[in-house]
Amino acid sequence: MDSGNLQRFYTFIYDLQFSPCGKYLTACDNFGYISIFSLSKVLDSVSNRNPFCKWQASKSSLYCLASNAKLLFSGGNEGVKGWKWRTIQKETGGNEPLFHFIPPSNQQKEFSDVNGIAVSNENGVLYIASGHVAYSLDIETQQIKETYNGHSDYIHSICTRPDSNQFMTGSEDGTVKIWDSAQTLEAVHTINSERKKSNGKSSQWIGCVTVDSTGEWMVFGGSCSPTMYKLGSMSCATVFDVPQKITTQTAIFTSGRIITGGSESDIRHWGRNGDPISRVPTSLSHVFSIANNSSNSQYEVLAVSGDSSDIDIYTHFGYKAFSLSSY
């Protein structure tokens, strides 16, 4: 097997992000590449199932993506970089980032990976999860505004609450913390989660946290079953019935339902009342990211990635239509 095929065989796509205009799908992988797909091309022709633009944005793994109208952000082992959408759309790639932010070293003087990023359009801030610390970064100046301490282990996921100053973090320490950047540097709420293993030992970690477009509902998961909270009352609304051996690494709200994925080949669709709707097969054995393009009805598709160089595309929630190749 030559080096190109070998790299393709070992490629994992950790995160997916649709552009704000809804015309492009972006993907990042464990070799540091960003791939950009034109949805008009991939939906119109079988021969256009590859990225129209791809570049190595990092010499090592990229774990997360986020975007606003002007910039695409990537996060990984080399910190956070911002890339101009205008340059990307010209199909010339994003070889030179507009900025490169490296989070401060931790107490052991070791660089911490960036595991999650989230854009707040309300206050022009990029929230960054690095090690067990979260940062708010002013997008215009690329300067740290605040540092948020409170987790005792790595933060795996970070998201914002729409129309508010709040953001959420989920950590290896088994907690979800809710922060309010307008009030305090300390978490305003902490939710603990724990799952007992069959050997009697406890194991707890949070792999994903997400909030719906109304800002009223939150879902998190990890070693615990996916759990939905009503944020207004800070009460648990439902716990989804997932087998104990299945871990959850991604979840989204879309079209009146919740879709979760993790350490199995299927993605699971749920009603907001916690009832299962369906289990839909993927071409993966482990799912890392699910994204739905709800901002552009002309190209509304569901995309799923994981332990493969391919991305599954669903034009209907019930079955896979085709797969994109990042190579």
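This is a predicted model: local features need pLDDT of at least 70, side-chain atom pairs count only at pLDDT 80 or more; totals for chains, interfaces and linings use all residues.

Biologist: Let's start with aspartate 15. Where is it?

Modeller: Aspartate 15 sits in strand β1, which covers residues 13–18.

Biologist: And is aspartate 15 buried or exposed?

Modeller: Aspartate 15 is buried, and it has no salt bridge. The nearest side chain of opposite charge belongs to lysine 81, 16 Å away.

Biologist: What polar partners does its side chain have, then?

Modeller: There's the backbone nitrogen of leucine 65, which lies 2.8 Å from a polar atom of the aspartate 15 side chain. The side chain of serine 289 also makes a polar contact with the side chain of aspartate 15, at 3.1 Å.

Biologist: Which residues is aspartate 15 in contact with, leaving aside neighbours within four places in sequence?

Modeller: Thr26, Ala27 and Cys28, then Tyr63, Cys64 and Leu65, plus Ser289 and Ser305.

Biologist: Why flag a positive phi at all?

Modeller: Because most residues other than glycine have a negative phi.

Biologist: Why does glutamine 142 count as partly exposed?

Modeller: Its relative accessibility is 27%, and partly exposed covers the range between under 20% for buried and over 50% for exposed.

Biologist: Switching to strands. How do β20 and β21 pair?

Modeller: Antiparallel, over four bridges, with β20 at residues 217–222 and β21 at 227–230. A hairpin of four residues joins β20 to β21, and methionine 218 stands opposite tyrosine 229 in β21.

Biologist: And how many bridges join β21 to β22?

Modeller: Four, and β21 and β22 (residues 235–239) run antiparallel. These two form a hairpin as well, with four residues between them. In that turn, methionine 234 has a positive phi of about 50°.

Biologist: Who's the bridge partner of threonine 227 in β22?

Modeller: Valine 239. Leaving aside neighbours within four places in sequence, valine 239 is in contact with Ser225, Pro226 and Thr227. It counts as partly exposed, at 49% relative accessibility.

Biologist: How far is the C-alpha of valine 239 from that of glycine 274?

Modeller: 6.7 Å, although the two residues are 35 apart along the chain.

Biologist: Last one: in what order do the strands of the β23-to-β26 sheet come?

Modeller: The order is β23-β24-β25-β26, a four-stranded open sheet with antiparallel pairing. β23 (248–254) and β26 (276–281) stand at the edges with a single partner strand each, so one side of each is left without a neighbour in the sheet. On average, neighbouring strands of this sheet are turned by 20° against each other, direction ignored.

Biologist: And where does isoleucine 259 stand?

Modeller: Opposite histidine 269 in β25. Strands β24 (257–262) and β25 (266–271) pair in the antiparallel sense over four bridges.

Conventions. Residues are numbered from 1 along each chain as its sequence is written. Side-chain values use heavy atoms; hydrogens and water are left out. Two strands pair if DSSP finds at least two bridges between them. Buried means under 20% relative accessible area, exposed over 50%, partly exposed in between (1.4 Å probe, protein chains only). Lys and Arg count as positive and Asp and Glu as negative; His and the chain ends are not counted. A salt bridge is a side-chain nitrogen of Lys or Arg within 4 Å of a carboxyl oxygen of Asp or Glu. A polar contact is a pair of N or O atoms within 3.5 Å; within protein, one must be able to donate a hydrogen and the other to accept it, and residues adjacent in sequence count only if both atoms are side-chain atoms. Contact means heavy atoms within 4.5 Å. Axes are lines fitted to C-alpha atoms, for helices over the stretch in contact, and angles run from 0 to 180 degrees between N-to-C directions.
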